[in-house]
Amino acid sequence: MKKEEQFLLWFEQLERKDVDIVGGKSSSLGEMTAKTDVPVPYGFATTAYAYRYFIKESGLEEKMRTILSELTDVENSALLREAIMAEKMPQDLQDAIGAAYVELGKRVGEENPYVAVRSSATAEDLPDASFAGQQDTYLNVQGAETIIAKVKECYASCFTDRAVYYREKQGFD
């Protein structure tokens, strides 16, 4: 299966050129893992494909289009976040994230390791825009169920007032 069609990828599978698949932070971690001697902790990234899969399979595509078409103030995007949080993540995506977390535990020798769940926007660090800090980050997260919930919260954080406002001011759809 091609990288572009997987729910998640391990850092060692990634290179900087994979920014469209996993975003800037994750692709940079992959590049450091694969091509340098910099000590990078084991980790994995959920993909843009996983995000789009969640949106499509949960039926959010049309809901989000409707909300966005009726949004008159970019600083009032709570309805988008609420819509995302109200939907259940597809079971196969949950299973993939949960299995990767178990594998991560084996790799680091801990049953329930603490991890960071971070956004890594695929439009980060463009020459004319930097999306750093626009979406949420969760540190010291433990347990597969909690990680899955935080991934969904990261998805929702694409629609914080500040993130929507920034994209609007930068001319991004």
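Trainee: Which residues of helix H5 are buried, and what makes them line one face of the helix?

Mentor: In this predicted model, the buried residues of helix H5, which spans residues 78–86, are Leu80, Ala83 and Ile84. Seen down the axis of H5, these buried residues fall within an arc of 95 degrees, so they line one face of the helix. The face turned away from that buried side carries the exposed residues Leu79 and Ala86.

Trainee: Against which helices do the buried residues of H5 pack?

Mentor: They pack against helix H3 (48–57), helix H4 (60–70) and helix H7 (144–156), where a contact requires heavy atoms within 4.5 Å.

Trainee: Turning to the aromatic rings, why is the pair of tyrosine 49 and tyrosine 53 called stacked?

Mentor: A pair of aromatic rings is described by the distance of the centres and the angle of the planes. Rings pair if their centres lie within 6.5 Å, and planes under 30 degrees apart count as stacked; the rings of tyrosine 49 and tyrosine 53 have centres 6.2 Å apart and planes at 25 degrees, so this pair is stacked. Both tyrosines lie in helix H3, 4 residues apart, which is about one turn of the helix, and ring pairs link Phe7, Tyr49 and Tyr53 into a cluster.

Trainee: Why is tyrosine 49 called partly exposed, and why does tyrosine 53 count as buried?

Mentor: Buried means under 20% relative accessible area and exposed means over 50%, with partly exposed in between. Tyrosine 49 has a relative accessible area of 30%, so tyrosine 49 is partly exposed, whereas tyrosine 53, at 17%, counts as buried.

Trainee: How do you know that the charged end of arginine 107 sits over the ring of tryptophan 10?

Mentor: The distance criterion asks for CZ of Arg within 6 Å of the ring centre, and the direction must also be within 35 degrees of the ring normal. The charged end of arginine 107 is 3.8 Å from the centre of the tryptophan 10 ring, and it is assigned as sitting over that ring.

Terms used:
Residues are numbered from 1 along each chain as its sequence is written. This is a predicted model: local features need pLDDT of at least 70, side-chain atom pairs count only at pLDDT 80 or more; totals for chains, interfaces and linings use all residues. Side-chain values use heavy atoms; hydrogens and water are left out. Buried means under 20% relative accessible area, exposed over 50%, partly exposed in between (1.4 Å probe, protein chains only). Helices (H or I, at least four residues) and strands (E, at least two) are DSSP runs, numbered from the N terminus. The arc is that of the directions from the helix axis to the C-beta atoms. Rings of Phe, Tyr and Trp (its six-membered ring) pair if their centres lie within 6.5 Å; planes under 30 degrees apart count as stacked, over 60 as edge-to-face and the rest as tilted.
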